[in-house]
Structure formats: C-alpha cells, structure tokens
Amino acid sequence: MQTLPYLKETASQTAGPYVHIGCVPNVCGITGVYPDDLGQVMRTDQAKGPHITVTGCVWDGTGTPLRDAMIEVWQADANGVYPGNDPRGPADPGVSGFGRFAGDPETGEWTFDTVKPGRVPMPDGGLQAPHVTVWIVARGINIGLHTRMYFADEEEANAEDPILARIEHKNRIPTLMAVPQDGGYRFDIRLQGDNETVFFDV
Amino acid sequence: MSDGPLFSRERTWHPPAFTPGYKTSVTRAPSRALVSFPPTLSEETGPVFDHDVLGPLDNDLLHNFAAPGESAIGQRIIVHGRVLDETGRGVPNALVEFWQANAGGRYRHKKEGYLAPLDPNFGGCGRTITSEDGSYHFRTVKPGPYPWPNGGNDWRPAHIHFSVFGASFAQRLITQMYFEGDPLIWRCPIVATIPSREAVEQLIAPLDMNATIPMDSRAYKFDIVLRGRRATLFENRPEGT
C-alpha cells in the first residue's frame, strides 16, 4: 500500500507559568525589548458599533481563580467582518479583532475593551449570533482550550445560532453567555466541575 | 486564509487534558467532552501580523535585553527551521514567539524563586515572522534545566517555549522545543503528557553542524507543523444555491 504524505501536527505542550515572558513581556516587567505587547488594544475611539468592556476570570475545578492564565480573543467588527484575512474584504480599520490578556497576578481577573461584534455568516448562508472566540492557555493546560463568548442580551440571535444548536445539553449553554453588568459584560470561564464551560474541538 | 477547511486535529496525538503525573493538570482539565463543529469563518480567519511590528533585535536574545556592548552569558546557539502545515507546505508570515530561562535555568519573572541568578544581560523573549517559504531563525543562549515543585525531585529538561500563529485561529499552537541527547527529556512529567514516543521525538531539535557559525555559535534545527487544509474538491452545497 502507498503511504500518505501528510506530516503530523507538532504536539502541544503547556504554556507554563511564565508564558507572560514570551507573550506579554511588558506586563511582566520585561521592558525595553518590545515597545508594546501585542493584543493589548482592540479598538480605536473611532471604531464603529457599541463599545463594550468585558471582565472575567478563569476558575479551576476547586473554585480557585487561575492567576497565571493567558486568554486570547478573536472577533469580527460590528458588521461581522474579520480583520486581516477575511475573504469577503476589509474590516473596520478601527478594530483589530485580536486581544491577548493575562490575569491579574493577585486576583486572576482580566478586562478588555472592544466593540460588540456583528453576526458572521455560515457557509450555507445562515447567521451566527454575535460571539467572541476565546483561547485559554496556562500552567496545567496541556493544549489550549477553545471556547466562545456569546451575549446574554442577544436572545433572538442566540436562539438561531447554529453552533449553540449543536450543544446537546441545553443546560450548559448559559456557560457561554457574557452577562450584562454596569455598562459592560462579565464572562467567567470554569475549567472543571459545576457549570463547567463548554469547550470546543474546532 | 487559503482554500479548503482545516484537517481535524488528531487529539490522540496531542497530550490529553487530564495527566495526573503533571499535577497542576488535575484541577485544570475539563471533565466533559469537547463539543465538535466544522470550522466557520470565526475559526478559519486569524490575526495577521505585519513585519513592521518587529524590531531589529527581536530575534536576537543575546542582545535584545543586553546593555550596549554586552551580551548574555551561556552557550551561544542559533535555532532555525520552518513552519509547515500537514501537507508539507511552508507557512509564510507566521508569527513565531519564543521564551526561555537563562543559561542557569532562571526565568526573568516575578513568581520565579529559583536560587540560580538572573543574567543582567538576558531577558528571555524573542519573536520573528516566517519568510515566504516558512523559514525562521533566531539566536540565543542554550537554556539550563531547572527544578520545579511537582514530584519531590523533578527537573525540566532544557527547553524553549514556542507560540505560533498560522493563517487561522484554529491553527493556534503553543509547544516546547527540547535539545538532542538531553537525558532529562525522558524523565519529565510534562514531556510524558504526550502519549507517543514518536510525537515526543518531533519536539527534540537535533544539533545541526551545517548551520553553525564556526568560532561563534552552534545551531539546532526545529521544524514546526501546523494543521493542514483540505483542497476544495467537491463542495457540499444545497441544490440550487
């Protein structure tokens, strides 16, 4: 039999407790190497759409906050177009789409300012509900965890979302909802146990 | 973004989430199954980083934190290789970031308490963007092993952490590079989270004497493989659209 020519993907390893050195060095006190850390600013003041602030934290299976986690987020602009390499064309120049945030070293909380994303189409023409793709790495996480943050105040769109519709256990869907609070949103990620966040294999 | 959907990730090749020999994974591993869905635009797009984010010393850890005229202490090495996808194609314009301890195994991080000293001329971070054929290179010092509180006497092998962006967010990968011949590799609980010896071997960079600079630096070669994409042979579209 012939052999298939494919290579194997490089195996993942944990980002470890010092991921900040490589990914957000200025945040961890290594200054003067890069002028800015990538992903700290996700929108300009001119960016179109509702400007929002999201605050959250990552929790382990004992209910303890992860103080060494790093999250990355990826989202569309207010019209549902992705910056950079979306085949449909350019996005709002005021939106980067990409954010990267370390938890506070004492509380584990992170906050980011962005715009509320628009709805993104499916290949068959259906529409996804507004969402932000979230990727979590940390000490003790062997391969980055993918999840999505939806918005609890988008009930109509959420009811039509084809990805949420794939989740068999409907009582788990609220784990993906950012909840409105004081002019912004709160999004907690629970790695394990009660109200465990839904993670995806994409 | 280029044509075709992504290959599915072979989850049995990667480390599983729950690996009790690596103790921190016990409370940080999801207990429920991952939910699968075919990637959408949200997963098939990803951030694009322009070469103009790079400073001239970003891929030179010997000098990017050093005082003028000085350089980091340790074994001078070059690390080079290519970022490929599973079809063997080079991945151009991929942002590759790396971080590591100094020659004595000490990280420059507030939460690190190892008694080996900091090197005042070594920061430990670098980055680069792959060229058109997917190749990259940087120079640094070879990191030292360091002890960590897992078992009673666990030591990490010498390693460099890598973070890689492909063209799509679903290709995102963080991994670690190890060095040929290090006896600590096969004793390490983090390495042992990987199920097969074959997958571990892919993380071990061989000494590459052909790429050394005589009287200056030795070299190690480390290729990184990201998820591939299917060619678009037949699209599964509803009739009439």
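Author: Happy to! Two strands pair if DSSP finds at least two bridges between them. Strands (E, at least two residues) and helices (H or I, at least four) are themselves DSSP runs, numbered from the N terminus.

This is a predicted model, in which local features need pLDDT of at least 70, side-chain atom pairs count only at pLDDT 80 or more, and totals for chains, interfaces and linings use all residues. Residues are numbered from 1 along each chain as its sequence is written, chains are lettered from A and ligands numbered from 1 in the order in which they are written, and side-chain values use heavy atoms, with hydrogens and water left out. The score pLDDT is the predictor's confidence in each residue, from 0 to 100. Chain B averages 95 on it, and 95% of its residues score at least 70. For the complex, the predictor gives an ipTM of 0.97 and a pTM of 0.97.

Let's look at strand E2 of chain B, residues 76-85. Eight of its 10 residues are buried, where buried means under 20% relative accessible area, exposed over 50% and partly exposed in between (1.4 Å probe, protein chains only). E2(B) pairs with strand E5 of chain B (residues 135-141) in the antiparallel sense, over seven bridges. One of the residue pairs here is Gly81(B) with its bridge partner Tyr136(B).

E2(B) also has parallel partners. Strand E11 of chain B (residues 218-221) runs parallel to E2(B) and is joined to it by four bridges; there, His80(B) stands opposite Lys221(B). Strand E12 of chain B (residues 224-226) pairs with E2(B) in the parallel sense too, over three bridges, and Leu226(B) is the residue opposite Asp85(B).

Arg9(B) is 212 residues away from Lys221(B) along the chain, and their C-alpha atoms are separated by 25 Å. Arg9(B) lies in the segment before strand E1 (35-36) of chain B, and it counts as buried because its relative accessible area is 7%.

Now for a record. UniProt, in an unreviewed entry, places "domain: Intradiol ring-cleavage dioxygenases" at residues 79-107 of chain B; such annotations may be inferred rather than shown by experiment, and the positions follow the numbering used here, with shortened feature names. That span is 0% helix and 41% strand, with its end C-alpha atoms 19 Å apart. For chain A, the feature of that name in UniProt (unreviewed entry) sits at residues 54-82, a span of 0% helix and 38% strand whose end C-alpha atoms lie 19 Å apart.

Chain B also holds an open sheet of five strands with mixed pairing, in the order E4-E3-E8-E9-E10. Its edge strands, E4 (125-129) and E10 (204-205), each pair on one side only. E4(B) and strand E3 of chain B (residues 95-99) pair antiparallel over five bridges, and Trp99(B) has Cys125(B) as its bridge partner.

What lines the largest cavity? Of its 15 lining residues, the closest to its centre are Ser12(A), Trp135(A), Ile143(A), Gly144(A) and Ile174(B). Strand E5 (131-137) of chain A and strand E9 (173-179) of chain B each supply at least two lining residues. The volume of this cavity is about 50 Å³. On a 1 Å grid over the protein atoms alone, a cavity is a set of points where a 1.4 Å probe fits but cannot get out, a pocket is an open set with protein on both sides within 12 Å along at least five of seven lines, and lining residues have an atom within 4 Å of a point. Points are joined across faces, edges and corners, and a volume is the space filled by probe spheres set on them.

The second largest pocket has a volume of about 530 Å³. Among its 31 lining residues, Pro17(A), Tyr18(A), Asp68(A), Arg139(A) and Pro149(B) are the closest to its centre. Strand E6 of chain B (residues 146-148) gives the most to this lining, with three residues.
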